[in-house]
Amino acid sequence: METPALAERRRCALMVSDPAGELVSLLSPNLIYVHATGLVHSRDQLVEFLNTRIRYHDVQRRALQIVEAVDVAWMTGFMRFSGQRPQTGEAVDACSFVSQVWERDAGLWTLRLFQSTKVESSLWDGAEL
């Protein structure tokens, strides 16, 4: 059975390899996704954003803390990503501190809430793995 930690690891990999496909199975239909820029997306809006506005090359997590209850888990930790904006070719590289809520329904973990705040990359460098 997949744990919230494995679901998050899979989500990060799918943001790079399959943002329009299998990733959707990890996103709650009721998802609220808040980017570090303040942009707020629903699940469908996030999928559209991933298909048209950014292509991730790498998504990593560090210092991930997880608390799991019966059918809910919350996580905090650093996330670093690199990518490119398809429209302009602009490179994107950022580091954030992220808070997440995952919920389990019928044995499957889905991301229900994602809140990201941009931080200095020196915090990433100093965070424990």
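1. Ile32 sits in strand S1, which covers residues 27-34; strands here are DSSP runs of E with at least two residues, numbered from the N terminus. The model is predicted, so local features need pLDDT of at least 70 and side-chain atom pairs count only at pLDDT 80 or more, while totals for chains, interfaces and linings use all residues. Residues are numbered from 1 along each chain as its sequence is written, and side-chain values use heavy atoms, with hydrogens and water left out.

2. Ile32 has 39% relative accessibility and therefore counts as partly exposed (buried is under 20% relative accessible area, exposed over 50%, partly exposed in between, with a 1.4 Å probe and protein chains only). Together with Val40 and Leu113, Ile32 forms a nonpolar surface patch with about 230 Å² of accessible area. Nonpolar side chains (Val, Leu, Ile, Met, Phe, Trp, Tyr) are joined into a patch within 5 Å, like charges within 9 Å, from residues with over 30% relative accessible area and no salt bridge. Areas come from the Shrake-Rupley method with a 1.4 Å probe; for residues, only the protein chains shown count as cover.

3. The largest pocket has a volume of about 340 Å³. Of its 18 lining residues, His35, Ala36, Thr37, Phe81 and Arg85 are the closest to its centre. Strands S4 (72-84), S5 (91-105) and S6 (108-118) each give two or more residues to the lining. A pocket is an open set of points on a 1 Å grid over the protein atoms alone, where a 1.4 Å probe fits, with protein on both sides within 12 Å along at least five of seven lines; lining residues have an atom within 4 Å of a point. The volume is the space filled by probe spheres set on the points, which are joined across faces, edges and corners.

4. The structure holds nine salt bridges (a side-chain nitrogen of Lys or Arg within 4 Å of a carboxyl oxygen of Asp or Glu). In one of them, Glu2 pairs with Arg10 at 2.9 Å between the closest N and O atoms. Glu2, Arg10 and Glu22 are linked in a salt-bridge network.

5. Asp71 and Arg104 form a salt bridge, with their closest N and O atoms 3.1 Å apart. Asp71 is in the loop between S3 and S4 and Arg104 is in strand S5, so the pair ties together parts 33 residues apart in sequence.

6. Arg85 and Glu90 meet through their side chains in a salt bridge of 3.6 Å, N to O. Arg85 is partly exposed, at 26% relative accessibility.

Notes: Helix = DSSP H or I, 4+ residues; strand = E, 2+ residues; numbered from the N terminus.
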